[in-house]
Amino acid sequence: MTSNISSPSLVDALAARTLVLDGGMSNQLESAGYDLSDALWSARLLAERPEAITEAHLAYFRAGADVAITASYQATFEGFARYGIGHGDAARLLALSVELAREAARRAGEAGIDRPLWVAASVGPYGAMLADGSEYRGRYGLSVAELERFHRPRIEVLAAAAPDVLALETVPDADEGAALLGAVRGLGVPAWLSYTVDGRRTRAGQPLEEAFALAADVDEVIAVGVNCCAPQDVTPAVEIASRVTGKPVVVYPNSGETWDAGARAWTGSTTFSAGQVEAWREAGARLIGGCCRVGPEGITAIASGGR
C-alpha cells in the first residue's frame with residue numbers, strides 16, 4: 001500500500017486533529033554512525049550519503065510521525081560555497097532534501113503505513129549558516145531587508161520542490177521572523193513560523209506577543225510556535241501564540257539539554273517527556289514533535305498519546 005501524502009491537505013488535517021512531527025535529524029544520523037561535526041552538519045550528507053537521510057526520515061515515520069522535516073536546516077548557498085559546492089549544485093541539493101523525504105514517505109507506504117504523510121522543508125535561521133551558535137542569540141547586525149535577501153533564494157528553491165509546508169524554524173529574533181515572512185509572501189506555499197525562545201521572549205529578547213503578532217495576518221502562515229527550546233518553555237509560548245494569532249500552534253522542543261557551540265556538544269540533563277504533551281495540546285498545540293536529542297522513541301511516545 002502506498003501512503004497518500006497529498007490528501008487531505010495539511011491545513012485540512014490540522015483542522016481535524018493533532019499531527020505528530022518527527023524528532024531530531026542530527027541525532028538520528030549520529031546514532032547511525034555518521035560524523036556531523038563540521039559546519040554543514042546534517043546537510044553534508046545530502047551530497048555524501050543521501051540514502052542515510054531517507055533512512056532517518058523513514059525511522060521517524062515508522063515511529064509514528066505524520067510530518068517529516070527535511071535535512072535542509074543548515075543548507076545554504078553560502079554554506080555550501082565554503083565547501084566548493086557551486087550555486088547550481090547547491091540548488092540541486094536543496095531540492096533533493098524534499099525529494100528524500102518524499103521517498104521516505106513512499107517507502108513507508110510500501111511498508112504498510114497507510115496514514116497520510118507530509119513533508120516540511122526546513123528553513124533554518126541566518127545563524128545556522130554561521131555555525132557559531134548565533135541561532136540561539138539572534139541580533140546579527142543585519143537589517144530585515146538584508147536578512148530577507150539572504151533567505152529568499154533558498155526559500156524559492158525549496159518552494160519549487162513542492163513541499164507541503166515550509167518550516168521557518170529555530171528563529172531567534174523577531175527581526176528575522178519579519179524577514180522570513182517577507183520572503184514567503186507570494187510563493188504559493190504554506191509555511192509555519194517557529195521561534196526558539198527563553199521563557200516568554202525570543203532568544204534576542206523580544207516579547208513573544210510582538211514576535212507572534214508579525215504572523216497573525218500573513219495568509220501563507222498556517223501555524224506559529226516554538227522549537228529547539230527547553231520543554232518547560234513550551235506551554236506559556238503555546239498560550240501566547242494561540243491568543244495573539246488565532247492560528248494552530250506548532251511545538252517541537254529539544255530534550256532540555258544545552259548546546260555548547262564551542263565544544264559542538266550537548267550538555268546538561270534531559271527534561272523532555274511525553275507526559276508534557278497533553279498540556280501542550282490543551283493549550284492549543286496542533287503540530288507536536290521533538291527537536292534536537294529527541295529520537296524515534298520520543299516520537300512514538302508522543303504518537304501513542306493520541307493525535
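Reply: Arginine 115 and aspartate 66 are both buried, where buried means under 20% relative accessible area, exposed over 50% and partly exposed in between, with a 1.4 Å probe and protein chains only. The side chains of arginine 115 and aspartate 66 form a salt bridge, 3.1 Å from N to O; the term stands for a side-chain nitrogen of Lys or Arg within 4 Å of a carboxyl oxygen of Asp or Glu. Arginine 115 is in the loop between α6 (87-110) and β3 (118-123) and aspartate 66 in the loop between α4 and β2, so the pair ties together parts 49 residues apart in sequence. Helices (H or I, at least four residues) and strands (E, at least two) are DSSP runs, numbered from the N terminus.

This is a predicted model: local features need pLDDT of at least 70, and side-chain atom pairs count only at pLDDT 80 or more, while totals for chains, interfaces and linings use all residues. Residues are numbered from 1 along each chain as its sequence is written, and side-chain values use heavy atoms, with hydrogens and water left out.

Aspartate 66 also forms a salt bridge with arginine 17, with 3.8 Å between the closest N and O atoms. Arginine 17 lies in the loop between α1 (10-16) and β1 (19-20), 49 residues from aspartate 66. Aspartate 66 has 0% relative accessibility, whereas arginine 17, at 25%, is partly exposed.

Another salt bridge joins arginine 106 and glutamate 103 at 2.5 Å, N to O. These two are three residues apart in helix α6, so about one helical turn separates them. Arginine 106 is partly exposed at 35%, and glutamate 103 is partly exposed at 23%. Both belong to a network of salt bridges that links Glu51, Glu55, Glu103, Arg106, Arg107 and Glu110. The count comes to 14 salt bridges.
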